[in-house]
Amino acid sequence: MQLLEYPRDSHSLDGTWQAIPDQYEMFRDYFDDFVEDDDGESAALPDDGNDEEGQPALSFESIYEPSASGDDDITDFNIYDGYSVDLPASWGEEIPEFRHFEGWVWFARTFDRAEFDEDDRTFLRFGAVNYKAEVWLNGERLGDHEGGYTPFSFEITDELEDGENVIVVRMDNSRYEDGIPNESTDWYNFGGINRSVDLVSVPESHLRNFKVETSLADDSVNVQVDAWIDGPETGADGSVALPELGVDEPLASDGDGRLSAEFTIDRDDVTLWSPESPRLYDVEVTYGEDAITDRVGLREIDVQGSDVLVNGETVWLRGIALHEEAAGKGRALDTEDVQTRFQWINELGCNFARLAHYPHTEEMARTADEEGILLWEEVPAYWDINFGDEEIQELYRQQLRELIQRDWNRASVALWSIANETDHNDETRNEVLPEMADYVRDLDDTRLVTAACFVDETDDGIVLQDPLEEHLDVVGVNEYYGWYYGDADDLQGLQEESDGTPIVISETGGGAKWGNHGSEEDRWTEEFQAEIYRGQIEGASTNDQIAGMSPWILFDFRAPMRQNEYQRGYNRKGVVDQHGRKKQAFHVLREFYESEEL
Ligand code: GCB
């Protein structure tokens, strides 16, 4: 697992796959009988194709070959008798009668070995499968993966066959009590192979990943590059070049699979990446026969007192939160959807977006790099996770790692968020979350660590009493004054700690159905929602500890627990609706973000 972390040139296996639902989870036993023997190895097929009773034996082929589904076919589950799905897709959005299905779905497709440029070693990479995946190639089990939003890969060099190859994936989007997230969330559980599937072929010894880190001194920009090698060290030279800056440096090996270089560039020669000027440079990393090129921004993110700094300058985070969802497509966003989201974000005058509540497609971060939008990225450690369970902790670390190692070269990513609305009176949580903050810093200490927390109302006003604060660089505060409780301008009662940790109001807002009008006192109207925004803006902009906000939320999104007459399955707190129609709050927020005072 995680053999090839860095996304790179590949042969796409997107497009038509076959799929069959398996609600009663029966096909797995069936499948195991003929693909694996007791040791988990593939069983040999009977020579004559018949079983002991002389009946046609089930074979791996019989469950995926078109020819096996003839009149005398004894196989109930032939994937080619299934549904055609155009991947990537949230499967229930493609097949309306399965819209609310949660459980097992088998996917399969074939590819020809001659279709792609093969190097020494080949990997099969999935961008994201929600929630669990188990994968076979030509009847050999490759492995499994848990976690619906991050990439994973398997090496398939030894399983590849000449001519046709068959991939089978068992996707499972059941909700699990011991999952991350667990069974209850305020978002829709879109099952599917939601992101691209690729074949990636690389030399025997190759670059598994690399990381570029920038820190600033008075007159210079210090750059540290690390690269990780998979495969035997060949003693080959490695190098890193930024041609536009005239940099070409050797990478030194630590003898243990890691290559590094550190160099400085005159500050005057570099245009640092910032929201105002999102300059990216080509970075070429080579090792032996392998090479990766990417576009990377050089910049430094920091905090000072209650301020968030980009390249040493205070930036007030004018943000918005969003889910990853597109009407009729679930989580499988295409480039046009990504562009539309950035169009709204830019129209609002934002320099910041919170990608809630799980890792979004990598394309969001790449586009944010180009657009100059700072990002908050997070893993779905949401509400009531059983933090004390060691397996859950391992899954938690895995999800953090898979996200961070995917996006650590994205200049736009400023904040890693480790949790959302977890109980700060829970002692186990208070032990585990600081460990996760440390884990994140071990992987990447060039960004800020945050979490979305609660505040408490006390006799002294509204105070931050979460012990996690001292382990965070920025505290996210989710509060719904004016909607779930109190009045919107109650936020003004949030006590400032002089020189306290910067606070970002990571959620605030209220529900409104687009086109529903009335007075500012009528809930669910656009006017009521707009009034909440006015009150919140007043509170957020007058408290010096508040370094920004990302109101909840850019657009209405599917939420099964929201079923009143205004909602009907949607959380209506969007400033645009699911079709992109703007509500009044959109304009209120835009006016604030465009005002000079910020
Ligand atoms: C929250 C959650 C978010 C919900 C939102 C709401 O605090 O973090 O996932 O959707 O409130 O609308 O209540």
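**Entry 1: strands and a hairpin**

Strand β13 covers residues 206-216 and strand β14 covers residues 220-230, and they pair in the antiparallel sense over 10 bridges.

Next I followed β14 to its other partner here, strand β17 (residues 258-266), which runs antiparallel to β14 with nine bridges. There I saw Ala 227 opposite Leu 259 in β17.

**Entry 2: what I am looking at**

I reminded myself that this is a predicted model, in which local features need pLDDT of at least 70, side-chain atom pairs count only at pLDDT 80 or more, and totals for chains, interfaces and linings use all residues. Residues are numbered from 1 along each chain as its sequence is written.

I looked up the overall content and found nine helices and 34 strands. I needed a rule for burial: a residue is buried if 20 or more other C-beta atoms lie within 10 Å of its own, exposed if 12 or fewer, and partly exposed in between, with C-beta atoms placed from the backbone. By that rule, buried residues make up 45% of the 598 residues.

I moved on to strand β20 (residues 301-304), which four bridges join to β21 in the antiparallel sense. Gln 304 has Asp 307 in β21 as its bridge partner. These two strands form a hairpin with two residues between them, and Gly 305 in the turn has a positive phi of about 55°.

I then saw that β21 also pairs with strand β22 (residues 313-314), antiparallel, over two bridges.

Which residues of β21 are on the covered face and which on the uncovered one? I found Val 308 and Val 310 on the covered face, with Asp 307 and Leu 309 on the uncovered one.

**Entry 3: domains and cores**

I looked up the domains, whose bounds come from an automatic or database domain assignment. The assignment gives domain 1 (11-202), domain 2 (206-299) and domain 3 (302-593). The centres of domain 2 and domain 3, taken over C-alpha atoms, are separated by 32 Å. Their contact takes 16 residues from domain 2 and 16 residues from domain 3; two residues are in contact if their C-beta atoms, placed from the backbone, lie within 7 Å. On the domain 2 side, β13 and β19 (290-296) are the elements that give two or more residues. β13 gives the largest share of that side, five residues.

I also wrote down that a nonpolar core is a set of buried Ala, Val, Leu, Ile, Met, Phe, Trp, Tyr and Cys residues joined through C-beta atoms within 7 Å. The largest one has 125 residues, and Phe 107, Val 169 and Ile 193 are among those with the most contacts inside it. This core draws at least three residues from each of domain 1 and domain 3. Leaving out residues up to four places away in sequence, Val 169 touches Phe 107, Val 129, Ala 133, Val 135 and Ile 193. A second, separate core of 25 residues includes Val 240, Val 247, Leu 251 and Val 270.

**Entry 4: a few single residues**

Where is Arg 113 placed? I found Arg 113 in the loop between β5 (104-112) and β6 (121-126). Arg 113 counts as partly exposed because 14 other C-beta atoms lie within 10 Å.

I checked for cis peptide bonds and noted the one from Leu 87 to Pro 88, with omega near 0°. The bond from Asn 130 to Tyr 131 is cis too, with omega near 10°.

Last, I looked at Trp 383, which has a positive phi of about 55° although it is not a glycine. Trp 383 lies in the loop between β25 (374-378) and α6 (390-407). Trp 383 is partly exposed, with 17 C-beta neighbours inside 10 Å.

Terms used: Pairing = 2+ DSSP bridges.
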